[in-house]
Amino acid sequence: MKTFEDLYNDLLKRKISLNEPLPLDYDPAHLDCLLHPEKYAPVLQVKDCEACAYDRACVNSCVFDAIREDKDGKLMIDPKACVGCEACIRACENKNLTASKDVLPAMKAVREAKGSVYMMIAPAFLGQLGENVTPGKLRSAFKALGFTGMVEVALFADILTLKEALEFDRNVSEEGDFQLTSCCCPVWIAMLRKVYSELMPHVPGAVSPMVACGRMIKKLDPDAVTVFAGPCLAKKNEAREPDIADAVDYVLTFQEVKDIFEAADIHPEELMEQGKEHASKAGRLYARTKGVSQAVSEMVEQLRPDRSIRVRAAQANGTKECMEMIRKLKNGEIEANFYEGMGCVGGCVGGPKAILPKEEGMENVDEYAEKSAFKTPLENPYVLKVLEKLGLETVEELLDDTLLTREF
């Protein structure tokens, strides 16, 4: 029997037609996973787990208790509990688990779209799809695939930076107050909601930059199809959460995008430049650990230069560090008023579906951020244009705008 990956690759290369019966050497369940990924958890069980049922490394690795026994005593992944952190995939030595893939339904939607289709690219993208692939060349590559355009999600990280800074100014007024940054990492937010729910009053109700981007596109163009691409499997789960499922239609990883380019024989490095400058340094730094803290801290200083209480940030990356930071916070062993958690070591550049080593990805992010024409969101004219389209007359109105807010 051929593997899940074999089926995926054969479908990409069109060795198998979806209009014909599946060859006998493939598992029909694997095809259903590829055609209907929304029915499954971000992590798929593609092999029988009986051989390692007593080892349970996958169970022990999951901080969200998403791997459980079914009524027959076999291990299964609970789609409602799985966040997509991929800890279980790394723990499974028998390779019984793999990441879900949204390529087939996403590209079908692109081909059949009657209106606009937008690629929303994560701030960690630079260099991930080729050494010489500039943002302008990447925009051309997506248009060659049938997308109407490419939007840098970093622009919406700029806007969320303003919102987080305003939340800090409104809520952190005494030495004992603190804020848990909310808008970036779905693994960090899931950890707070499911494991440390008592801390949720300190989490502002902000959507992620990905969701803000998708909602803004659909506000301006309700029939548009929105596709997000990044280094994070957990974003697939985030996009399906009921209260924010209106924003992003499909989520692809950088590896999936690379697979599509190869299958379509598109070489981004050979295409023409279609450069556009939309995001500031602040928004682009969201792709790495400490980037959110730096952006919010600088924004607070710019918004309120007379403010006596400044951002004192603590950061953690990787689930173990995040849990240790929360332990110290609860025990009073750490002095900070702004806590930034990232589910992956290095931040988004260290995501499980990043193609580059995290050190190289971080260098690319820092270089790209430094080259930004705008250093902060307030200096970015595109931020002001978005606020105008939202119908906001002042920056302060971001605090209560429903497009950027969610109820935890």
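Q315 stands opposite E340 in β11. This is a predicted model, in which local features need pLDDT of at least 70, side-chain atom pairs count only at pLDDT 80 or more, and totals for chains, interfaces and linings use all residues. Residues are numbered from 1 along each chain as its sequence is written, and side-chain values use heavy atoms, with hydrogens and water left out.

Helices (H or I, at least four residues) and strands (E, at least two) are DSSP runs, numbered from the N terminus. Two strands pair if DSSP finds at least two bridges between them. Strand β10 (residues 313-317) pairs with β11 in the parallel sense over five bridges. Strand β7 (residues 179-180) also pairs with β11 in the parallel sense, over two bridges. There, Q179 stands opposite F338.

β10, helix α14 (residues 319-330) and β11 make a right-handed β-α-β unit. Right-handed means that, with the strands pointing away from the viewer, the path from the first strand over the helix to the second runs clockwise.

Strand β11 covers residues 338-342, and five of its five residues are buried. Buried means under 20% relative accessible area, exposed over 50%, partly exposed in between (1.4 Å probe, protein chains only). F338, E340 and M342 are buried on one side, Y339 and G341 on the other.

**Aromatic pairs**

Rings of Phe, Tyr and Trp (its six-membered ring) pair if their centres lie within 6.5 Å; planes under 30 degrees apart count as stacked, over 60 as edge-to-face and the rest as tilted. The count comes to six aromatic pairs.

| Pair | Centre to centre | Angle between planes | Type |
|---|---|---|---|
| F168 and F338 | 6.4 Å | 65° | edge-to-face |
| F178 and Y339 | 5.7 Å | 85° | edge-to-face |

F168 is in helix α7 (residues 154-171) and F338 in strand β11, 170 residues apart. F168 is buried at 0% relative accessibility. F338 is also buried, with a relative accessible area of 0%. F178 lies in the loop between α7 and β7, so its pair with Y339 in β11 ties together parts 161 residues apart in sequence. Both F178 and Y339 are buried.

**Elsewhere in the chain**

Ten of the twelve residues of α9 are buried, so this helix is largely enclosed by the rest of the structure. Among them are R215 and K218.

E86 is found in the loop between β3 (75-77) and α4 (87-91). E86 is buried, with a relative accessible area of 5%. Leaving aside neighbours within four places in sequence, E86 is in contact (heavy atoms within 4.5 Å) with A99, L233, P352 and K353.
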